[in-house]
Amino acid sequence: MNPRLPITKTPKCYVGGAFIRSESGRVTPLHDASGAFFANIPQCTRKDLRNAVEAAAKSGSGWAKRSAYNRGQIIYRLAEMIEARSAEMIEALQVGGQPSARAKTEVAATVDRLIHYAGWTDKYEQLLGNVNPVSSPHFNFTVTEPTGIVGVLAPEDAPLLALVSLIAPAITSGNTVVALASTSQPYPSIALGEMLATSDLPGGVVNLLTGFRAELLPTFATHAHIRAISGVANADERKAIKLAAADSVKRVHLLKTEETHDWFADSAQGLYEIRDLVEFKTTWHPIGA
Amino acid sequence: MAAKTHKRQNSRATARPSVAQPRKSSRELIFGDLWEFDPAPETADPKLKPRYDLFINGEFTAPKSGKYFPTINPATEQKIADIALASPADVDTAYQAAQRAFDSVWGKMPGRERGKYIYRIARLLQDHAREFAIAETMNGGKPIKESRDFDVPMAAAHFFYHAGWADKLEYVAPGRSVKPLGVVGQVIPWNFPLLMMAWKIAPALAMGNCVVIKPAETTSITALKFGEILQEAGLPPGVVNIVSGAGETGAAVMNHPLAAKVAFTGSTEVGKIIMRSLAGTDKKMTMELGGKAANIVFDDAPLDQAVEGIVNGIFFNQGHVCCAGSRLLVQEGVAEAVLAKLKNRIKVLRVGDPLDKNTDVGAINSKEQLGKIRELVDSGVKEGAELYQSPCRLPAKGFFFKPSVFSNVTMSHRIAREEIFGPVLSVLTFRTVDEAIEKANNTPYGLSAGVWTDKGSRILKMSVELKAGVVWANTYNKFDPTSPFGGYKESGFGREGGRQGLLDYGKLI
């Protein structure tokens, strides 16, 4: 008997709730830690990015209008999906050369991070917003609203945990995300897309692209519908992004590549990561008969 | 308000013959030229100096270049004083002083003590309120009733509110501690010179920062007069430095390497230039930029109140307001009635001497701004909108512009898209709630919006749907130190006022 030939998976990006190849047809071969060919990764283009922004825009108002309770349950569900498939995710991380113990820790931390944000959906508003005691006879209150479409630029290290740590605070408050995965270790983002697809998160809320960073960054910075950029970048990238982002008065929140970030620490999560990606709206109404 | 005086003349009121729609048949006061107001000029002494120097390190200091520029009264075009022109070298001296003050005194001072200085500033500003109001009106052209009843008291209120925060900073950011940033550079506009200064300085000081601030070129007097208040308050030298000048001075303030943060209020165009110039730095920024607010009137709104709100929304401070309700969206069924009421109301606005206590609309801030307003109004006429202007007589001297309303405006007209920053209203109509939302949000700006309706659930829906940082429902142009103000989209980012605005002046630790 011939041995059974295994079926290999064609990695596809998760955009608009569907799995896509790059419109360009371009791929980049990915090799595993031993140097053997593993798979071809889509090399997304500016056009793929624009399509992803369109998908994010379509799903935006629906996601923002979900109740806080509902958003919390969906993010919790995503954690459940990753926990249940953690063996697969650990393997995905090992493709990039991570030792299995470290991969295991990263997957566990990712699940915990999502649980952390799942609990924030119906609480951050009570801490960030408030009623303002104005001196005139008006009822005056300030609430937050999601900024809109957030461009996420993941760092090269912690390719799953850092990516999720950047996406989670954005979607907690109802933003939608177009994220660019680690260039050197893109495979975990492919696996994450498959778990997102089964998480009840509406298609288009999180869109994951793989590709060359240098090729895509300018479009992230200039696309007028992307309202905020969140991620990690080096000095040249930060300058280029901020220069181009000024044209549409984008909110830019970038950590520095040259500084070390402990994505595993509790300090890498919390209320102020959410605050960076919301707008404050103040409403006035007279108090009278 | 002029209207209050008129109410006493009810016997002269004549009801118009009733027409088809009941709203139009409501009684209306017709004044014509039945009587004249006697002039009622404010005469208190604003205690001005013929020449104002830079306020650096607690002292009034001559500019290194020895250069001064004249500042005028836009209502008379007469020179009021000479203002020192700060060069980049003066700005550098100011930053050095601010950094020294931060390192040696202000950054280390217990919040309790810092707060007491800020309370002192609030109190002294109240003591000198009248002279500041007159100086503000003389230099900026705004009616004395606004500077006296709004700008100056509100400026004092901002200091009073923020003073109390100085020893309570552990409550600003739940779960985290905050620290001051260091020295902050601030550039403010000419529309609310003293008030914008208060908005900028008060939270910065409460958080423990030191300040280098540049007032607008045309309105430096109250800013530099404020230096006298700081001296009287005994504020340690260098904590606040005031450098007057034009664009070059502003660029030096924004780009100085010692600035840990910059805060800017002004046009979106200049805001973007600043953002680009700071792209290679780690400076924090707050940007409060332009607007093209929609003021939306639904057919169930109390129309008389709405008309007062529309007038306040666009003619307050001659329309030199970034959050001015410059696009009026009226539901079709009441459009005719609203326009008729609006025209009647505009007729009785008193335009003229800003120092007169009865004046409703004062002088345009500068010749340059008057030119911009005229250019945009001309474009409105050329593009086919219908212009109505108050029949008022304008003074022979000074920069004045008649309160103006454009009807038959479409979304593609420049007057519906560009910020005019003058007493010019563009009226558009809509049929449905969705259309109102679509039109209101169809702009790169997102600073403010107004909604007029009797329906509570509709107010809350509109408040959610309007992409604007401030929504005024059944009111307009209301401000308070406790209430965060700032924009969405290209109207900027960061907030001023309230707990949210205060946190923008600190760093989390």
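## Exercises on a helix, a sheet and an interface

Among the elements that cover the buried residues of α12(B) are β14, β15 (404-407), α13 (414-417) and β16 of chain B. The model is predicted: local features need pLDDT of at least 70, side-chain atom pairs count only at pLDDT 80 or more, and totals for chains, interfaces and linings use all residues. Residues are numbered from 1 along each chain as its sequence is written, while chains are lettered from A and ligands numbered from 1 in the order in which they are written.

Terms used below:
- Helices (H or I, at least four residues) and strands (E, at least two) are DSSP runs, numbered from the N terminus.
- A buried residue has 20 or more other C-beta atoms within 10 Å of its own, an exposed one 12 or fewer, and a partly exposed one falls in between; C-beta atoms are placed from the backbone.
- Residues in contact have C-beta atoms, placed from the backbone, within 7 Å.
- Strands pair if DSSP finds at least two bridges between them.

**Exercise 1. Find which residues of α12(B) are buried and which are exposed.**

Step 1. Helix α12 of chain B spans residues 367-382. It has 16 residues and reaches 22 Å from first C-alpha to last, close to the 22 Å expected at 1.5 Å a residue. The expected span is 1.5 Å times one less than the number of residues.

Step 2. B:Gln369, B:Ile373, B:Val377 and B:Gly380 are buried in α12(B). They cover an arc of only 70° around the axis, so they sit on the same side of α12(B). The arc is taken over directions from the helix axis to the C-beta atoms.

Step 3. On the other side of α12(B), B:Glu368, B:Gly371, B:Glu375 and B:Lys382 are exposed.

Step 4. B:Gly384 follows α12(B) and has a positive phi, near 105°.

**Exercise 2. Which element gives the most to the side of chain B that touches chain A?**

Step 1. In all, 34 residues of chain B are in contact with 29 residues of chain A.

Step 2. β18(B) gives the most to that side, with four residues.

Step 3. β18(B) pairs with β12 (278-286) of chain A in the parallel sense over three bridges. The bridge partner of A:Thr283 in β18(B) is B:Val471.

Step 4. Both faces of β18(B) are covered. B:Val470 and B:Trp472 on one side, and B:Val471 and B:Ala473 on the other, are all buried.

How values were computed. Contact = placed C-beta atoms within 7 Å.
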